[in-house]
Amino acid sequence: MIFDRENECMRREDLRKLQEERLKTLVKRVYDRVPFYTDLFDKSGIKPEQVRRFDDLARLPFTRKYNLRDEYPFGLFATPLKEVVRIHASSGTTGKPTTVGYTRNDIAMWAEVCARSLAGAGTTDDDVVQVAYGYGLFTGGLGAHYGAELIGASVIPISGSNTQRQLMLMQDFGTTVLCCTPTFALYVWDVAQQLELDVTKFPLKVGVFGAEPWSEAMRHDIERKWNIKACDIYGLSEIIGPGVSCECVEAQSGLHLADDHFLPEIIDSETGEVLPEGEWGELVITTLTKEAFPLVRYRTGDITRLSSEPCVCGRTNTRMDRISGRTDDMLIIRGVNVFPSQVESVLLMTPQVEPHYKLIVTRKGALDNMDVQVEIAPGLYKEVSEATLADDDITVFTEHGKLLGLKHEIQKNIKDIIGINVGVTFKEPGSIERSEGKAQRVLDMRNESSAT
Ligand code: DLL
C-alpha cells in the first residue's frame, strides 16, 4: 500500500523543486536561530542567501556526531524548549548521549514517515502490529508505534525482551506484522524451537527489521524460518529515528527514502567529495522540514549507495541500498578493510553453522588477528559430541574430521571475499550471547592485547 501517494510518487522535477525550496528555508532558519550554525557558516565563508539552488548544497559544511556531543544537551535545538514536546537520546558508547528534540509538528512528520515505511512493507489497517523495538529514549519503539497507529493498525506496544511473552502474544493476539531488530527476530525463533512451537503456522506475514546492519543472507534465513517477508527499515535518532527509509514488500530492492523530508547525498568519507549516483560511500542527510532539531549535511557514518530509478511499486523517491557497514565499524585488519557484514554473508551461506557469531580482534606484536566465533548447528554438534564422547579432551572434539573440514571451508570462503586469513572457533549451540536490541558483533581488543 502507498500511504502518501502525493509525496511518495512525485515527479522527480517537482521533488527537486520542493527540496530546493525547503533547503533555502532551512539554511536561513538554522543560521538565524542556532549559534552553532551561525559560527559554522561564517567560518566557512557562506551566507544563507548564497544557497539558491540545489547544487549549492555541496558548498555547505558538514555536521558530525561530535558536534552533537559538544552541544549537549540542547545546544543545537532551533526552537525554545517550550515548543519541544519530546526528547529522545542515543545511548552513546562513550560519554554523554546525544539528545534530539521534536516539536508537535516533528512528531506528526515522524509518524507520517513511519506510516509510509510500514505501509510500504505491507501494513494496513487490518493488521496487528507487534512493536518489539525498545520503548524509551531509543526511538525504535515509539517511532514504529506512531506509524502503525497512523495507519490504523492494532498496535501491541510490547517493547523488547520478554521473549516467551512475545511468542504468546503473537499467537493469542494474531500478530501479522513484527517490528524488531533482525537478531531479535532470530532469537525469538530460537526460543520458539525450544518451546516446540511451529511458527510457520502463526498468522505473521511481515517483519519490519532494522536498527542494526544485516545481510541479504540473513533476510533469507529469517524469511525461511518464520515463513514471512522481511523488510529492511533504516533510520537514526539524529535524523528522526526509524522511518528515514524502508523497503517496499513488492520489490524488496532498496529502501525508499522519505526524501521530501530527508535530503540524501553520498560522499567519499576520506575526501568529503560528493559522489555520483550509484557509487558507494557515506550517507549524508540534511533534514528539510524538522523544526526542533534540524541538521545540515549530517554525516551518518553509514555506507550505502543511491538510485533515483523508479521502483516497480510505483514510488519515485530515491532508494538507498541496504547499509553495507559503517565508516567507523569498518575494521582494518593487516591493512585490509573488513566489514562484519562480509563475514556474516559467508557464515549464512554455510548451513552447518548458525547465524550467531562474534568477531574477536586481537594484536600480537604488530600482527592483527581476527577470530570468528560461530555456533555450530545443533545437528552437527550432536553428531560430533557423540562421536567424541569417550574422550574428555576438547581438542578431540574440535579436531574431528567434520569440524576441521568445515573450518577450512569457512576460512577459504572468507579469504576469497576479504582476502585475509582468519581463525574460526566453533561454539556450542546457544552459547553466544543473544541480543534483545542491537547485536554487538565485534570485540576489538587490539588496544588491550599484548604488544610483545
Ligand atoms: O536505530 C533507529 C531505528 C530504530 C532504525 C528502529 C530502524 C528501526 P540509532 O539508535 O540512533 O537509531 O542508531 C542509528 O543504527 O546510523 C545505523 O548505523 C544503524 N542502523 C539503523 N537501521 C539500520 C539498518 C535507530 N536497517 C544507527 N541497517 C544508524 C543497518 C542500521 N544499520
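Reader: Ground rules before we start?

Author: The model is predicted, so local features need pLDDT of at least 70 and side-chain atom pairs count only at pLDDT 80 or more, while totals for chains, interfaces and linings use all residues. Residues are numbered from 1 along each chain as its sequence is written, and side-chain values use heavy atoms, with hydrogens and water left out.

Reader: Which residues come nearest to the ligand?

Author: Asp232, Ile233, Ser237, Asp302 and Lys438, out of 20 residues around the ligand. To be near, a residue needs a heavy atom within 4 Å.

Reader: What lies 2.7 Å from a nitrogen atom of the ligand?

Author: An N or O atom in the side chain of Asp232. A polar contact here is a pair of N or O atoms within 3.5 Å; within protein, one must be able to donate a hydrogen and the other to accept it, and residues adjacent in sequence count only if both atoms are side-chain atoms. A polar side-chain atom of Arg326 is 3.4 Å from an oxygen atom of the ligand.

Reader: How much of the ligand does the protein bury?

Author: 92% of the 610 Å² that the ligand exposes when taken alone. Areas come from the Shrake-Rupley method with a 1.4 Å probe; for residues, only the protein chains shown count as cover.

Reader: Which strand gives the most to the shell?

Author: Strand 7, with five residues. Strands are DSSP runs of E, at least two residues, and helices are runs of H or I, at least four, numbered from the N terminus.

Reader: Switching to His88. Buried or exposed?

Author: His88 is buried, at a relative accessible area of 1%. Buried means under 20%, exposed over 50%, and partly exposed in between (1.4 Å probe, protein chains only).

Reader: What does the side chain of His88 reach?

Author: The backbone oxygen of Gly136, at 3.2 Å. The His88 side chain also makes a polar contact with the side chain of Arg86 at 2.9 Å. His88 itself sits in strand 1, residues 84-90.

Reader: Now helix 8. How many of its residues are buried?

Author: Ten of 13, so helix 8 is mostly covered. Trp189 and Phe184 are among the buried ones.

Reader: What do they pack against?

Author: The buried residues of helix 8 pack against several elements, including helix 7 (163-172) and strand 18 (353-364). Contact means heavy atoms within 4.5 Å.
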